[in-house]
Amino acid sequence: MNRTTSPRLAIAAALGAVLGTSTPAMAQLEEVIVTAQKREQGLLDVPMSVATVSGERFTSMFEGGADIRALSARVPGLYAESSNGRVAPRFYIRGLGNIDFDLAASQPVSIIMDEVVKENVVMKSFPLFDIDRVEVLRGPQGSLFGRNTTAGIVKFDSNKPTQDFEGRVKLDAGELGTINFEGAVGGGITDSLSGRVALLVQNRDDYIDNDYTGESDALGGFEENAAKAFLRWDATDSLSFLLGAHYRDLDGTSATFRANIFNPGSNSLNGNYDRETVYFDEGDNNPQEYESSGANLKIDWDIGGMTLTSITAWDESDGFSLGDIDGGFGAVFLPEMGPGFIPFNAQTADAADTNQFTQELRLASEYGDSFNWQVGAFYFDSELDVETNPFFVPATTVYHENTTWAVFGQGDYAFTDRLTLTAGVRWTDDEKDFKAPGYNENVSDDQISGDIALSYSLDDRSLFWGKIGSGFRAPTIQGRDVAFGNAPSIADSETITSFEVGYKSQFADDRMRLNAALFYYEVDDIQFTAVGGSSNLVRLVNADTGIGMGFELDVEWLLTDNLVMTFGAAYADTEIDDSSLRVGSCNSCTVTNPVDAAGFVLIDGNPFPNAPETTFNVTASYTIPLGNDSELFAFTDWSYQGDTNLFLYESKEFQTDGQYEGGFRAGWRRQDAGLEVALFGRNITDEENVQGGIDFNNLTGFTNEPRVLGISVSSEF
């Protein structure tokens, strides 16, 4: 991209973009390529709501040592949080997600990394580095991807090896002993063999004091090491193999819970909250350790007008977390307690040992004719052992096994150069087994899901589409309560029917890109998790119906050759429709829903839990050319999260509103030498945003990451 421009041309470009008129010799936005339909297509050719994140917008999020949750609200309609630190993230799209914190929790948002689904919540947290592109597919993906995608998909594609030698190193160093190092190198080994290796090292020193024990810098830090490698062999002109492997080792702090950081009747943080202080008498300062590894093999074979693809993958992960769950010290029946009122003390350790195997086969036509198609089969098998230790009784281990079979197909037919019909269907059989002391449960279901879309192109730079989609989340068994002397709970399958219409366009001489969508969905027998409450249980429930409606908007605008801005907005109005559904109440909060004679809360009409009503994001990138292919640059990014209810019931304390975070980076780069030096900041206004709560004991909460300011140096070669 040629960034050199005069002030007069800059003004002409801005006016031209606004008026839709042409401007001389101006830069243009590059075409966005996505693989949302398991083949490479231009974004304007895909009849669904898809958002992408790449380049500076992506890499800047992680300069302060952030994990996968940094994507939260950076894409309209996408939200992420975790009460398990840097493992077991929970994702929400269009308001659909699952607040269940247990390591066996089922999620309606699927995470796919390098074309392999990561089913267990621990596997979903693999660190993000050397990433080519992130795609967020909003709405049910019931044909090509199948069950447990009723909300959508977040899809990550790593940089793959090529014959060209290339490499990159990037070192970010900031406050709190924060280090973020990324390195990658790849290229041709022989004429037919190429490889790529990438490394990640992240570190933060402990910075939180435990004032109960008198320990300084007792917790809050982490050390994250990860690596991945790819080896590509082009055996013939028609047959290629791509072998991948990855490894992760995490040693750090689990979530940091803080007791009574809300006053009764208020959702504002009070004087008990200090970002750099806790008062833990248990939990050993909340340690967390996890190790993960895996391998995958992709084979592409061109068999004459068709391509046969096989993707085989194996993953495993194991580790543990320990936490002071009440967030304070002592209890009302002990000689001391605090901060605030602590009904009883609580610490819990959880450990997971999980593995999964997946196999997918696809046969696809050559893309480009009036009729394009693909058919396939999918097999999934996983095992998960979860040990929970409440400490007041012996530890309990429960065993989960999940096996899934599916066959699927999709095709699109172009009636004319402008009008195309796309349709897909999938049959899925899903079975789960659960074993625990005294319990042996089995659930299964098989369903047909799919979608149909009609798209119309006004020209080669715009697309209207309408889509009807369906999907289902398989039956779920939750056995965490066995460790606390209660029976496991089971939820039946949920099924979603979704309607959306949208418009995509690239206009103003390809200097502005706009994607917009309106949606409405209904989820029958929607699965929810009643977490905590005064009885401190994790119970699965099915509501009659869940309803959601709203819109998404993504805009990218090249105002001048030197100024690029993006803007995103989403609105999701969600509602539980079940007049008889009731859940347990909290121990100390102020519930605003009706409560029946038995003390249960009626939640009919409530929004879904952890479903932000609005999300906004904006970025701006500005450059000043200096000559000799060097430039000064400045980049900033901001995200906003609107009204969010944390639990199934509504209360005055466990809700958030108006939370935002901002980041920046500014410096110098020389493009011909691939050098860059920058100052950066994450959460630059040091916002103290509530990410979640614990309601069974006191008014406990946990918050976002602190501000980190630092310097970044990188080189590409």
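**Entry 1: the second largest cavity**

I started with the second largest cavity, which is lined by 22 residues. Ala-104, Ser-382, Leu-384, Asn-402 and Lys-432 lie nearest its centre. I noted what counts here: on a 1 Å grid over the protein atoms alone, a cavity is a set of points where a 1.4 Å probe fits but cannot get out, and lining residues have an atom within 4 Å of a point. The space in this second largest cavity is about 300 Å³. For volumes, grid points are joined across faces, edges and corners, and the volume is the space filled by probe spheres set on the points.

Before going on, I wrote down that this is a predicted model, where local features need pLDDT of at least 70, side-chain atom pairs count only at pLDDT 80 or more, and totals for chains, interfaces and linings use all residues. Residues are numbered from 1 along each chain as its sequence is written, and side-chain values use heavy atoms, with hydrogens and water left out.

Which elements give two or more residues to the lining of the second largest cavity? I found strand 22 (347-365), strand 23 (371-389), strand 24 (396-414), strand 25 (419-436) and strand 28 (476-478). Strands (E, at least two residues) are DSSP runs, numbered from the N terminus. By class, this lining has eight nonpolar, 10 polar and four charged residues.

**Entry 2: the largest cavity**

Next I looked up the largest cavity, with about 840 Å³ of space. It has 43 lining residues, and Arg-69, Glu-661, Thr-703, Asn-704 and Glu-705 are the closest to its centre. Strand 4 (78-81), strand 37 (630-641), strand 40 (659-670) and strand 43 (700-703) each give two or more residues to this lining. I sorted the lining of the largest cavity into 15 nonpolar, 18 polar and 10 charged residues. The count for the model is 14 cavities of 30 Å³ or more.

I followed strand 4 along its side chains. Leu-78 and Ala-80 point one way, Tyr-79 and Glu-81 the other way, and all are buried. Buried means under 20% relative accessible area (1.4 Å probe, protein chains only). Strand 4 runs antiparallel to strand 5 (residues 90-93), and four bridges join them. Two strands pair if DSSP finds at least two bridges between them. Across this pair, Tyr-79 stands opposite Tyr-92 in strand 5.

Then I went to Asp-637, which sits in strand 37. Asp-637 is buried, since its relative accessible area is 3%. What joins the side chains of Asp-637 and Arg-74? I found a polar contact of 2.7 Å. A polar contact is a pair of N or O atoms within 3.5 Å; within protein, one must be able to donate a hydrogen and the other to accept it, and residues adjacent in sequence count only if both atoms are side-chain atoms. Leaving aside neighbours within four places in sequence, Asp-637 is in contact (heavy atoms within 4.5 Å) with residues including Ser-60, Glu-661 and Arg-682.

**Entry 3: two loop residues**

Asn-120 is in the loop between strand 7 (116-118) and strand 8 (131-138). Is Asn-120 buried or exposed? Asn-120 counts as buried because its relative accessibility is 10%. Its side chain reaches the backbone oxygen of Leu-103 at 2.9 Å. Not counting residues up to four places away in sequence, Asn-120 touches Leu-103, Thr-354, Gln-356 and Leu-384.

Thr-149 is in the loop between strand 8 and strand 9 (152-158). It counts as buried too, at 3% relative accessibility. Apart from neighbours within four places in sequence, its contacts include Pro-108, Ser-110 and Gly-139.

I found an open sheet of three strands in the order 14-13-17, with mixed pairing. Its edge strands are strand 14 (215-219) and strand 17 (277-278), each pairing on one side only. Strand 13 (residues 208-210) and strand 17 pair in the parallel sense over two bridges, and Asp-209 stands opposite Thr-277.

Last, the angles. The peptide bond from Gly-338 to Pro-339 is cis, with omega near -15°. Phi is positive in Asn-260, near 50°, and in Asp-510, near 60°; neither residue is a glycine.

Notes: 1 Å grid on protein atoms, 1.4 Å probe; cavity = no way out; pocket = protein on both sides within 12 Å on 5 of 7 lines; lining within 4 Å. Nonpolar A, V, L, I, M, F, W, Y, C, P; charged D, E, K, R; others polar. Buried < 20%, exposed > 50% of the residue type's maximum accessible area, 1.4 Å probe, protein only.
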